[in-house]
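Hi everyone, thanks for making time this morning. I'd like to walk you through one model, and here it is on the screen.

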Amino acid sequence: MECCDFPWTRVLHLLRCAVLAIALAVGLTAGLAALPAQADPRDEDYFTNLPLITSEGKEVAFFDDVLKDRIVVVNFFYTGCTDMCSLTTARLAQVYDWLGERMGRDVFFVSITLDPENDTPEKLATFKAGFNADRGWTFLTGSRENIDTIRAKLGEKARTLALHRTDMVIGNAKTGVWRRSSVMGSLTIALQSILELDPTWQNSTQTNAEALEAALKINTVYDLSAHPGEAIFLGACASCHTIGLGVRFAPDLAAVTLRRDEDWLKSYIMDPDLVLAAGDPVAQMLAEDFPGVVMPNLGLNPVDVEDLMSYLKAADARLAAAEQEAADSFAAFEAAHGLAEPAPPAN
Ligand code: HEC
């Protein structure tokens with residue numbers, strides 16, 4: 001399926017700006033790149049109770065079972081997509097983590113496929129499992145007709161799959177406030193606009209971005225423009241990968257510059273889908289290890305890839321230095337306690 005004609009270099013540029021904008025957003029509470037909030041008591045007459053099917057194979061009535069009385073974040077995706085969808089889902093998953101125990105209690109995420117002919121409940125279940133999204137996150141498929149009706153109601157009018165997949169709709173079905181936002185903008189601002197729909201949050205003291213970022217311990221002072229590789233990594237990779245903090249939705253990238261060939265890494269980071277399609281054995285093994293989530297083709301340019309390589313290499317150098325330091329201090333400890341093997345006799 002064709003899904004890759006998206007102006008990614010531009011999006012990445014915007015993304016980089018968005019990451020930087022987090023720094024500027026401190027104290028700025030109205031940054032939502034969306035329609036102003038409007039009270040618009042849309043109910044089941046508007047959204048309909050058309051049946052859709054969850055990833056568990058359960059039939060649900062759209063308004064009554066999915067939206068009613070809830071704060072919801074609705075986005076569109078499809079599992080066969082090799083570029084944006086897994087990234088947008090991973091970015092939503094970041095917000096999901098921040099929402100913590102509110103997920104499934106105060107806030108619900110709803111991801112609706114744009115490709116119902118292919119996206120069976122089983123495929124949705126595999127995709128969902130890749131993102132550890134067990135609380136309050138519903139993945140939906142259904143008949144093409146029902147999905148088209150519902151996405152039109154939500155203002156999703158893209159005529160081809162490649163368009164508009166970064167939009168999301170945030171709403172409180174109880175108070176009737178609905179907003180449109182993009183999952184590629186600042187995630188803290190997205191988080192805040194979700195929380196603002198909750199009247200109990202509005203009444204609490206933590207209503208500005210500064211308090212929110214302090215609460216989340218997000219460091220906004222660091223100048224990312226001086227570190228282009230890191231800025232790309234944080235904006236485009238860190239929702240799925242960590243470096244040295246374990247598997248998130250994808251392999252831990254610690255030591256990746258040591259375990260993989262440099263040319264392989266560059267082409268894989270640039271065009272993972274092409275490397276996989278060419279039958280590359282490492283790419284195949286990785287794809288088998290992570291069946292739900294797909295390494296996206298982000299349309300990076302060679303400069304982006306060089307910046308990322310420098311960043312990954314620097315991280316690996318720090319890691320190697322820390323390991324060497326640990327080995328040295330262990331050797332010193334052994335020597336001090338007479339545990340070290342005697343040095344081989346010099347000839
Ligand atoms: C949506 C999640 C996601 C995003 C975003 C993502 N990746 Fe991946 N990445 C994966 C998955 C999953 C794999 C494992 C292969 C697969 O299943 O496709 C992978 C594999 C890799 C590998 C191979 C790891 C190894 O052990 O050899 C590298 C390198 C890599 N990604 C780098 C990046 C970089 C750099 C970025 C940002 C520009 C990035 N990825 C963005 C999901 C992601």
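**Contacts, ligand shell and one leucine**

Let's start with contacts, meaning pairs of residues whose C-beta atoms, placed from the backbone, lie within 7 Å. Of the contacts in the protein chain with a separation of 6 or more, 73% are between residues 24 or more positions apart.

A quick word on ground rules: this is a predicted model, where local features need pLDDT of at least 70, side-chain atom pairs count only at pLDDT 80 or more, and totals for chains, interfaces and linings use all residues. Residues are numbered from 1 along each chain as its sequence is written.

Now, the ligand. There are 27 residues around the ligand, and Cys237, Cys240, Ala250, Phe290 and Met295 come nearest; a residue is near if its C-beta atom, placed from the backbone, lies within 6 Å. By class, that shell has 23 nonpolar, three polar and one charged residues. Here Ala, Val, Leu, Ile, Met, Phe, Trp, Tyr, Cys and Pro count as nonpolar, Asp, Glu, Lys and Arg as charged, and the others, Gly among them, as polar.

Finally, have a look at Leu276. Beyond its neighbours within four places in sequence, Leu276 is in contact with Ala283, Gln284 and Ala287.

Note on methods: Contact = placed C-beta atoms within 7 Å.
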